[in-house]
Amino acid sequence: MSDLQGYADVLTAARRELKAVPPLTDSFPELDQATAYRVQRLQRAGVGALAGWKLGVTSRAKQKQVGIDAPVYGYLAAADALDLGEPLVVAQQIQPRAEPEIVLVMGRDLEGAHVTAADVLAATSAVAVGIEVLDSRYENYRFTIPDVVADNTSAGRYVVGTAVPVAGIDLKLVGVVLEHNGEVFGTASGAASLGHPAAAVAWMVRALAEHGEGLRAGEIVLSGGLTAAVPLAAGDVVVASIDRIGSVELACV
């Protein structure tokens with residue numbers, strides 16, 4: 001455990017000092033996903049209140065590319081939320097990139113090893129458009145899947161738009177557009193997240209159950225990036241729009 005705490009401290013320091021480090025697997029090649037989640041949980045203990053959770057590698061094509069058959073997950077520190085209209089200070093990040101997300105707002109607690117997508121939808125009170133700002137602590141975004149799990153799936157900052165009732169919205173079919181400085185950067189549908197965002201969240205709930213954890217009422221879940229992530233620089237403006245849910249804008253300074 002002391003060795004794992006050392007790796008957690010390296011990643012925590014990298015974020016605090018805004019200095020990227022080599023992947024953990026360069027010096028710890030035997031790092032596997034289970035151990036990486038232990039490193040992640042060690043960091044979680046020091047971030048204060050949580051706002052919820054996030055999913056990564058929810059694209060089936062991306063999973064095949066990197067040789068895994070399931071997503072990965074991380075936590076959302078409440079302190080990392082950006083308010084609507086609040087700019088992202090790029091100099092306070094290492095190498096930020098933005099991607100659009102469907103955000104689920106939990107209306108009640110949800111946990112268990114057999115949770116389904118239908119259970120997730122039944123427990124969801126509302127949905128919103130989100131922009132996640134990824135910010136890997138590894139040099140040049142070079143990492144293996146265990147590396148990225150240990151680094152809390154590259155969590156940086158995030159902004160969530162106004163929530164709307166989920167009733168009547170087919171999250172699988174909604175269209176998604178990510179604009180960067182007025183130009184369309186990427187398009188997708190909700191199905192880009194594991195076939196259905198609720199299916200991705202159900203997978204995460206089942207994974208959390210292995211550690212005696214689950215979702216709590218009021219928490220949010222970023223259900224997975226829906227397009228490629230766009231690199232950010234000072235002066236940029238990104239807008240994520242999702243059919244029937246709304247849009248959210250993030251300016252960079």
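Start with the largest pocket of this predicted model, which has a volume of about 680 Å³. Select Val-57, Lys-62, Glu-99, Leu-134 and Phe-143: among the 25 lining residues, these are the closest to the centre of the largest pocket.

Next, colour the elements around that space. Strand E1 (50–56), helix H4 (60–66), strand E4 (97–106) and helix H6 (145–150) each give two or more residues to the lining of the largest pocket. Of the elements, E1 supplies the largest share of this lining, 3 residues.

Move on to the second largest pocket, with a volume of about 330 Å³. Here 20 residues form the lining, and the closest to the centre of the second largest pocket are Thr-12, Arg-15, Gln-43, Val-47 and Tyr-75.

For the elements, show helix H1 (2–17), helix H3 (33–44), strand E2 (72–77) and strand E6 (155–160), which give two or more residues each to the lining of the second largest pocket. Which element gives the most to this lining? Select H1: it contributes 6 residues, the most to the lining of the second largest pocket.

Finish with the residue classes at this second site. The lining of the second largest pocket divides into 9 nonpolar, 6 polar and 5 charged residues.

Methods
Residues numbered from 1 in each chain as written. Predicted model: local features only at pLDDT ≥ 70, side-chain atom pairs only at ≥ 80, totals over all residues. Heavy atoms only, no water. 1 Å grid on protein atoms, 1.4 Å probe; cavity = no way out; pocket = protein on both sides within 12 Å on 5 of 7 lines; lining within 4 Å. Points joined across faces, edges and corners; volume = space filled by probe spheres on them. Helix = DSSP H or I, 4+ residues; strand = E, 2+ residues; numbered from the N terminus. Nonpolar A, V, L, I, M, F, W, Y, C, P; charged D, E, K, R; others polar.
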